Amino acid sequence: GGPLEGAYSAVADEQLDELEASDPDLYNDVLTVCELIFGQPERAQAMSTAIRTDRGIRLRLSVPGRYPYKVFWSSDGPRVEAVFPHP
């Protein structure tokens with residue numbers, strides 16, 4: 001995990017490590033979105049779309065200028081669940 005205060009699922013942690021190694025610029029843009037989620041969860045939630053998963057409702061927040069990358073998160077915590085391209 002990085003220097004950010006917040007909760008990351010094991011999946012998100014692994015995905016972020018891979019991004020950091022393969023595409024540092026994209027990694028930094030994703031972290032900016034994570035900072036918004038942890039720092040201003042109400043604002044992040046207003047900017048997110050909600051999707052139903054087998055684990056309940058997840059919020060999906062686009063990474064600006066990085067289509068189709070999205071950060072999937074849950075508002076309890078808040079907690080970042082996953083990061084991956086999703087149309």
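The buried residues of α2 pack against β1, α1, α3 (41-47), β3, β4 and β5. Buried means under 20% relative accessible area, exposed over 50%, and partly exposed in between, with a 1.4 Å probe and protein chains only. Packing rests on contact, meaning heavy atoms within 4.5 Å. Helices (H or I, at least four residues) and strands (E, at least two) are DSSP runs, numbered from the N terminus.

This is a predicted model: local features need pLDDT of at least 70, side-chain atom pairs count only at pLDDT 80 or more, and totals for chains, interfaces and linings use all residues. Residues are numbered from 1 along each chain as its sequence is written, and side-chain values use heavy atoms, leaving out hydrogens and water.

**Helix α2**
- α2 has 16 residues and spans 22 Å from first C-alpha to last, close to the 22 Å expected at 1.5 Å a residue (1.5 Å times one less than the number of residues).
- Its buried residues are Leu-26, Tyr-27, Val-30, Leu-31, Val-33, Cys-34, Leu-36, Ile-37 and Phe-38.

**Nonpolar core**
- A nonpolar core is a set of buried Ala, Val, Leu, Ile, Met, Phe, Trp, Tyr and Cys residues joined through side-chain atoms within 4.5 Å.
- The largest one holds 21 residues; Tyr-8, Val-30, Ile-37, Val-71 and Val-80 touch the most other members.
- Two or more residues each come from α1 (10-22), α2, β3 (56-62), β4 and β5.
- α2 gives the largest share, nine residues.
- Beyond four places in sequence, Tyr-8 touches Asp-13, Leu-16, Leu-31, Cys-34, Phe-38, Arg-79 and Val-80.

**Aromatic pairs**
- Rings of Phe, Tyr and Trp (its six-membered ring) pair if their centres lie within 6.5 Å; planes under 30 degrees apart count as stacked, over 60 as edge-to-face and the rest as tilted.
- The count is two aromatic pairs.
- Tyr-8 and Phe-38 are edge-to-face, at 5.4 Å centre to centre and 80° between the planes.
- That pair links distant parts of the chain: Tyr-8 is in β1 (residues 7-8), Phe-38 in α2 (residues 24-39), 30 residues apart.
- Both Tyr-8 and Phe-38 are buried.
- Phe-72 and Phe-84 are stacked, at 4.6 Å and 15°.
- Phe-72 lies in β4 (residues 69-74) and Phe-84 in β5 (residues 79-85), so this pair ties together parts 12 residues apart in sequence.
- Phe-72 is buried at 6% relative accessibility, whereas Phe-84 is partly exposed at 30%.

**Strands β2 and β3**
- β2 (residues 49-53) and β3 run antiparallel, joined by five bridges; strands pair if DSSP finds at least two bridges between them.
- A hairpin of two residues connects β2 to β3.
- Ile-51 stands opposite Arg-58 in β3.
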